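Reader: Hi! Could you walk me through this one?

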Amino acid sequence: MEKVKIAVIGAGPAGIAVAIEAKANNIEPVVVLERSECICNTIVKFYKPGKRVDANFRKEDIKPLGICSFETETKEEFLQRIENWVKKWKLDIRLKSEVTEIKKRNGEYEIFVKDKPEFLSEYVVIAIGIFGKPNRPSYPIPKELEDKVFLEPPLEIPKNKKVLVVGGGNTAAEVACALCEANQVFLSYRRPQFFRINEINLKNLEKRKKQGRLTLLMATDIEKIESYNDRVKVFFKDGKKEIYDLIYYCLGGTTPKNFLRRIGIEFDGKGEPLMDEFFETNLPKVFLAGDIALKQGSIMKAFNSAHIIIKRIKEKYLSG
Ligand SMILES: Cc1cc2nc3c(=O)[nH]c(=O)nc-3n(C[C@H](O)[C@H](O)[C@H](O)COP(=O)(O)OP(=O)(O)OC[C@H]3O[C@@H](n4cnc5c(N)ncnc54)[C@H](O)[C@@H]3O)c2cc1C
């Protein structure tokens with residue numbers, strides 16, 4: 001097992017800022033473990049090309065506390081800025097390294113990458129953001145349908161589309177209801193009845209159905225999907241075919257909060273992870289940074305959380 005001083009989980013703005021602040025304070029070695037094939041995966045994946053990256057996101061004027069800061073610029077300029085920082089600070093980032101488990105051992109933490117113990121670390125900073133790793137359907141999603149078929153709930157509600165939502169859990173119900181406001185929505189579930197949906201969501205589905213805004217397609221299973229005149233053709237296993245503008249799959253998968261629960265982080269009554277004001281959890285020397293630690297996150301807040309954590313490690317554990 002590789003021994004490090006700090007293991008940072010996630011190479012988004014928060015994780016990268018933690019590594020920079022740690023190196024600037026000579027707290028080394030620091031390794032950053034990233035699940036995807038690139039750094040800043042949330043920005044790469046969810047921001048449209050040329051998107052303005054606002055320094056005062058949601059009109060909040062957050063002043064930078066530490067080393068990392070930026071002015072409003074495009075997605076591409078921001079990603080280039082981060083690349084430059086990674087080079088300048090010689091950050092040790094390991095891509096395609098999903099952390100699946102963290103276990104305490106003799107006062108240190110064993111970090112499991114893809115279920116194998118790979119690192120032993122004194123401090124752990126978890127900066128995994130708020131987006132999960134969704135389950136995929138068993139059949140392939142054609143490449144040309146990438147902008148019409150989604151594995152995560154919509155960030156913005158589309159308008160005036162014929163939409164298929166696939167799934168039978170609470171997320172599927174909530175997504176279908178949210179989409180109903182401005183679209184014609186169909187919800188496909190492979191069982192004849194829902195059994196995992198809470199009462200509120202069941203009532204909401206029923207209400208939308210009565211209003212004629214939602215059609216429930218119970219006991220329907222999809223065999224495959226194909227691209228068809230810039231739309232999506234769905235082949236159901238009973239032989240029926242239907243065409244939709246968009247599909248949202250809500251098939252479950254791992255969520256960041258479940259990851260925290262699994263490794264032993266405690267939560268408050270409102271379902272938020274317990275932390276002190278320096279982002280330290282109930283597990284000593286395990287901190288949360290960025291979106292996973294904040295109610296309404298932003299890049300500047302993620303940078304600032306990194307500064308507060310490293311300052312705290314220095315003052316609480318390393319001074320004197
Ligand atoms: C569409 C959109 C537009 C936005 N616009 C702005 C804006 O203009 N200005 C602004 O300030 N903010 C904006 N935000 C918010 C901003 O993107 C987030 O606040 C910021 O990305 C949070 O950084 P983070 O490092 O905490 O999390 P993330 O950026 O989500 O990074 C988390 C990283 O952890 C990785 N990861 C997850 N799980 C694991 C694991 N188990 N093991 C290893 N790696 C893992 C992920 O792949 C990812 O790379 C926007 C968000 C969205 C979705």
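Predicted model: local features only at pLDDT ≥ 70, side-chain atom pairs only at ≥ 80, totals over all residues.

Reader: Into which domains is the chain divided?

Author: Domain 1 covers 2–132 + 255–318, and domain 2 covers 134–249. Those bounds come from an automatic or database domain assignment.

Reader: What separates their centres, and what area is buried between them?

Author: Taken over C-alpha atoms, the centres of domain 1 and domain 2 are 33 Å apart. The area buried between the two domains is about 350 Å², with 56% of it from carbon and sulfur atoms. Buried area here is the accessible area (1.4 Å probe) that two parts lose on being put together, summed over both. In domain 1, Phe-46, Phe-131 and Gly-132 lose the most area to domain 2, together 77% of what that side buries.

Reader: How many residues are in contact?

Author: 5 residues of domain 1 touch 4 residues of domain 2, with contact meaning heavy atoms within 4.5 Å.

Reader: And how many salt bridges across that interface?

Author: The rule finds 1 between domain 1 and domain 2; it asks for a side-chain nitrogen of Lys or Arg within 4 Å of a carboxyl oxygen of Asp or Glu.

Reader: Switching to H3: which of its residues are buried?

Author: In H3, the buried ones are Lys-75, Phe-78, Leu-79, Ile-82, Trp-85 and Val-86. They lie on the same side of H3, because the arc they cover around the axis is only 115°, taken from the directions from the helix axis to the C-beta atoms. Buried means under 20% relative accessible area, exposed over 50%, and partly exposed in between (1.4 Å probe, protein chains only). Helices (H or I, at least four residues) and strands (E, at least two) are DSSP runs, numbered from the N terminus.

Reader: What covers that buried side, and what's on the face turned away?

Author: The cover includes helix H1 (13–24), strand S5 (92–94) and helix H7 (299–318). The face turned away carries the exposed Lys-87 and Lys-88.

Reader: How far does H7 reach, then?

Author: Its 20 residues reach 27 Å from first C-alpha to last, close to the 28 Å expected, which is 1.5 Å times one less than the number of residues. Buried residues of H7 include Phe-303, His-307 and Ile-313. After H7 comes Gly-320, with a positive phi near 80°.

Methods. Residues numbered from 1 in each chain as written. Heavy atoms only, no water.
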